[in-house]
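Have the coordinates open as you read.

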Amino acid sequence: MDQRRILHAHFHLPHPGDTDLYAQLLDLAEGITPRVQALAPDAAHLDITGALRYWDRDPAEVAALLRLRTLALHGVQTTCAVAPNRMLATMAAAATPPGMTTVIETADTERWLRPRPVASLHGVGPATAGKLRTYGLHTIGDLADTPLPTLIRLFGAAAGRALHAHAHGQDPRTVQTQPLAKSLGAERAFEHDVLDPGEHRRALLSLAEEVAARLRDQRQATGGLALSVHYADRSSSTRSRTLTEATAHTRAIATSAYGLYDLLALQRARVRSISLRAQDLRPAGEATQQLTLGPTDDRALAIEAVTDRARARYGPGTLRPAALATSTKRASKGIPGAKTFLPALPPSEGNRQ
């Protein structure tokens with residue numbers, strides 16, 4: 001059986017955010033192989049396993065063909081890296097000089113991977129890298145030499161196994177040709193104009209819960225959030241931020257939404273509706289590993305998993321955050337038999353009375 005070959009292409013667009021040119025480059029890539037996964041705003045994965053025989057060229061020559069066509073037809077320089085899987089191809093592209101090509105063969109994977117810093121490994125964000133360094137694990141080789149039971153004890157079962165597999169160059173993900181939605185959002189409209197910040201924050205928690213659940217259902221993660229508040233005079237305010245690590249977890253999204261709300265510094269504003277939008281969506285498998293750093297995080301993630309299973313079996317609204325109910329009567333409204341869970345996230349310093 002032919003060994004898989006994944007090409008990661010980074011297009012150096014003359015004007016960042018030029019979506020029309022980016023779409024043309026994706027079409028050009030599909031002329032080389034039909035298996036192309038867009039990585040907006042300026043990159044793509046190409047599965048060239050079958051294209052090697054079609055073009056009768058080796059991986060470096062297929063990459064050269066792509067680079068030549070993007071430069072000749074669109075004036076765009078392209079950095080390429082070819083490896084046995086998506087993770088290695090992405091890492092190699094990040095370490096490749098602009099406009100050049102790197103090819104990693106299976107036999108060379110360990111030699112190429114081990115000297116690199118742990119922060120460059122797929123799935124390792126700033127928090128994970130910092131914790132790894134506190135245990136003396138500075139290179140990917142250090143991580144690969146760490147026994148799996150030790151990593152599971154330090155980081156939990158899922159994250160420990162993922163770190164162990166990635167440190168050994170393993171990545172089972174395939175190139176997905178279906179494009180992902182660029183964003184998704186939710187909105188809460190009040191029955192009457194609301195001045196109470198507590199009601200605003202309950203709406204934010206409800207929005208965060210809905211957005212996070214939809215992300216998990218679609219196996220996506222968000223790299224940014226945008227919060228819009230609409231007022232009684234039909235004006236509105238919007239704040240957005242890029243997240244440190246992409247996420248699909250309710251607690252992380254709610255915390256960021258609260259932060260955006262605090263930036264508005266509302267003073268007795270008559271709010272008519274609030275909307276929250278997740279932006280910069282990406283496959284959940286490409287998000288960095290989020291560590292559980294304490295009992296509170298462990299409990300929140302465990303409850304989140306239970307909630308997802310309940311929603312899948314009984315439908316949306318089966319379980320709701322307790323913070324959305326200010327009284328027993330309010331908690332019992334809506335779906336019959338609905339239960340509440342999780343206390344409200346603590347208010348920020350700026351909102352404590």
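Helices here are DSSP runs of H or I with at least four residues, numbered from the N terminus. By that numbering, Leu 28 is found in helix α1. Please keep in mind that this is a predicted model.

**Leu 28 and its contacts**

Leu 28 is buried, with a relative accessible area of 11%; the cut-off for that label is under 20%. Leaving aside residues up to four places away in sequence, Leu 28 touches Leu 66, Arg 69, Thr 70, Leu 73 and His 74. His 74 is 46 residues apart from Leu 28 along the chain, yet their C-alpha atoms are separated by 9.9 Å.

**Helix α3**

Helix α3 spans residues 59-74, and its 16 residues reach 22 Å from the first C-alpha to the last, close to the 22 Å expected at 1.5 Å a residue. Which residues of α3 are buried? They are Pro 59, Val 62, Ala 63, Leu 65, Leu 66 and Thr 70. These residues lie on the same side of α3 because they cover an arc of only 155° around the axis. On the other side of α3, Leu 68, Leu 71 and Ala 72 are exposed.

| Element | Residues |
|---|---|
| β1 | 6-12 |
| α1 | 19-30 |
| β3 | 43-47 |
| α2 | 49-55 |
| β4 | 77-83 |
| β5 | 101-103 |

**The ends of α3**

Asp 58 caps the N-terminal end of α3, with a side-chain oxygen 3.2 Å from the backbone nitrogen of Ala 60. Just after α3, Gly 75 takes a positive phi of about 65°.

How values were computed
Residues numbered from 1 in each chain as written. Predicted model: local features only at pLDDT ≥ 70, side-chain atom pairs only at ≥ 80, totals over all residues. Heavy atoms only, no water. Helix = DSSP H or I, 4+ residues; strand = E, 2+ residues; numbered from the N terminus. Expected span 1.5 Å × (residues − 1). Buried < 20%, exposed > 50% of the residue type's maximum accessible area, 1.4 Å probe, protein only. Arc of directions from axis to C-beta. Contact = heavy atoms within 4.5 Å. Polar contact = N/O pair within 3.5 Å; in protein donor to acceptor, adjacent residues only side chain to side chain.
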